[in-house]
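Here is a briefing on one protein chain. Please look over the sequence and the model first.

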Amino acid sequence: NSVVTLQLAPYEIFDDGHQEYFFSMKSVNSLNNWSVLSNIVSVVATTGPNPNGPTAVTDLKANYENGELSLTFMAPAASPNSQLAVSRFIIKYARSSGYVDDTYFNNDDYNDEIEVDDLMPGSNLIPPAPNTQVSLKLRANEILEDGIGEYYFSMKSVDSVNSFSGISNIASVSYNSSSNIKVNTFTLMLLALAYCLVWTQN
């Protein structure tokens with residue numbers, strides 16, 4: 001008859017934009033016999049900004065050049081006037097700016113979240129001290145996989161007690177597949193040498 005308390009991560013449970021969430025449970029013994037269903041409980045989700053919580057990013061920038069995609073911003077603080085780092089960044093992207101605004105930010109049906117696998121080596125999602133310049137190099141082939149066009153980005157931060165910041169500004173990049181072509185110096189030298197050989201033979 002011990003009381004069991006489970007601490008859940010709100011940003012994992014409340015990740016599809018609904019306002020109210022319902023919970024129930026069953027138990028099972030070593031013989032695989034199941035109990036009847038428990039009572040049903042509910043909570044009203046709130047991921048709105050906490051005025052005493054993390055500060056919002058206001059200078060998010062996205063850049064796509066020579067096949068390389070990156071995001072930059074100044075690291076937010078765990079609370080106004082604090083020198084403590086936030087606990088987590090949540091960065092979303094979508095093909096429509098409306099799908100990364102405050103209305104749809106928490107709804108994964110309309111946008112995608114940047115995860116560790118989306119980062120190039122040398123980049124990470126560990127928040128540094130406030131006012132530190134953050135530069136994230138992303139895997140363009142993962143983020144821009146839907147083809148040419150505009151891609152939009154926004155973000156929130158979360159503190160140690162799961163308070164959310166307000167939403168950042170929305171940044172964007174234009175992807176054109178032709179701009180993804182990169183020719184290195186060695187390749188150019190080989191092409192020049194081949195041209196010279198052809199020209200001298202003629």
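Is S165 buried or exposed? At 1% relative accessibility, S165 counts as buried; the term means under 20% relative accessible area, with exposed over 50% and partly exposed in between (1.4 Å probe, protein chains only).

This is a predicted model, in which local features need pLDDT of at least 70, side-chain atom pairs count only at pLDDT 80 or more, and totals for chains, interfaces and linings use all residues. Residues are numbered from 1 along each chain as its sequence is written, and side-chain values use heavy atoms, with hydrogens and water left out.

**Overall architecture**

- The chain has three helices and nine strands, taken as DSSP runs numbered from the N terminus (helices H or I, at least four residues; strands E, at least two).
- Their order along the sequence is α-β-β-β-β-β-β-β-α-β-β-α.
- The chain has 202 residues, and 31% of them count as buried.
- Among contacts with a separation of 6 or more, 60% join residues 24 or more positions apart; a contact means heavy atoms within 4.5 Å.

**Around S165**

- S165 sits in the loop between β8 (149–158) and β9 (171–175).
- Neighbours within four places in sequence aside, S165 touches P49, P54, T55, A56, K156 and S157.

**Salt bridges**

- The count is three, where a side-chain nitrogen of Lys or Arg must lie within 4 Å of a carboxyl oxygen of Asp or Glu.
- R88 pairs with E113, with the closest N and O atoms 2.9 Å apart. R88 is in strand β5 and E113 in strand β6, so the bridge ties together parts 25 residues apart in sequence. E113 is partly exposed, at 24% relative accessible area.
- K92 pairs with D108, with the closest N and O atoms 3.1 Å apart. This bridge links strand β5, which holds K92, to the loop between β5 and β6, which holds D108, 16 residues apart. K92 is buried at 3% relative accessibility, whereas D108 is partly exposed at 36%.
- K156 meets D102 at 3.2 Å, N to O. K156 lies in strand β8 and D102 in the loop between β5 and β6, 54 residues apart. K156 is buried at 3% relative accessibility, while D102 is partly exposed at 45%.

**Aromatic pairs and charges over rings**

- There are six aromatic pairs. Rings of Phe, Tyr and Trp (its six-membered ring) pair if their centres lie within 6.5 Å; planes under 30 degrees apart are stacked, over 60 edge-to-face, and the rest tilted.
- Y99 and Y104 are edge-to-face, at 5.5 Å centre to centre and 75° between the planes.
- Y99 and Y110 are tilted, at 4.8 Å centre to centre and 55° between the planes. Both lie in the loop between β5 (88–94) and β6 (112–113), so the pair ties together parts eleven residues apart in sequence.
- Y99, Y104 and Y110 make one aromatic cluster. Y99 is partly exposed at 32%, as are Y104 at 28% and Y110 at 33%.
- K92 lies over the face of F105, at 5.0 Å from the ring centre. R95 lies over the face of Y151, at 4.3 Å from the ring centre. The rule asks for NZ of Lys or CZ of Arg within 6 Å of the ring centre and within 35 degrees of the ring normal.

**Surface**

- The chain exposes about 13100 Å², and carbon and sulfur atoms supply 52% of it. Accessible areas come from the Shrake-Rupley method with a 1.4 Å probe; for residues, only the protein chains shown count as cover.
- V4, L6, L8, I13, F23, V41 and V43 make a nonpolar surface patch of about 610 Å². Patch residues have over 30% relative accessible area and no salt bridge; like charges are joined within 9 Å, and nonpolar side chains (Val, Leu, Ile, Met, Phe, Trp, Tyr) within 5 Å.
- I13 belongs to helix α1 (residues 10–13) and is partly exposed at 31% relative accessibility.
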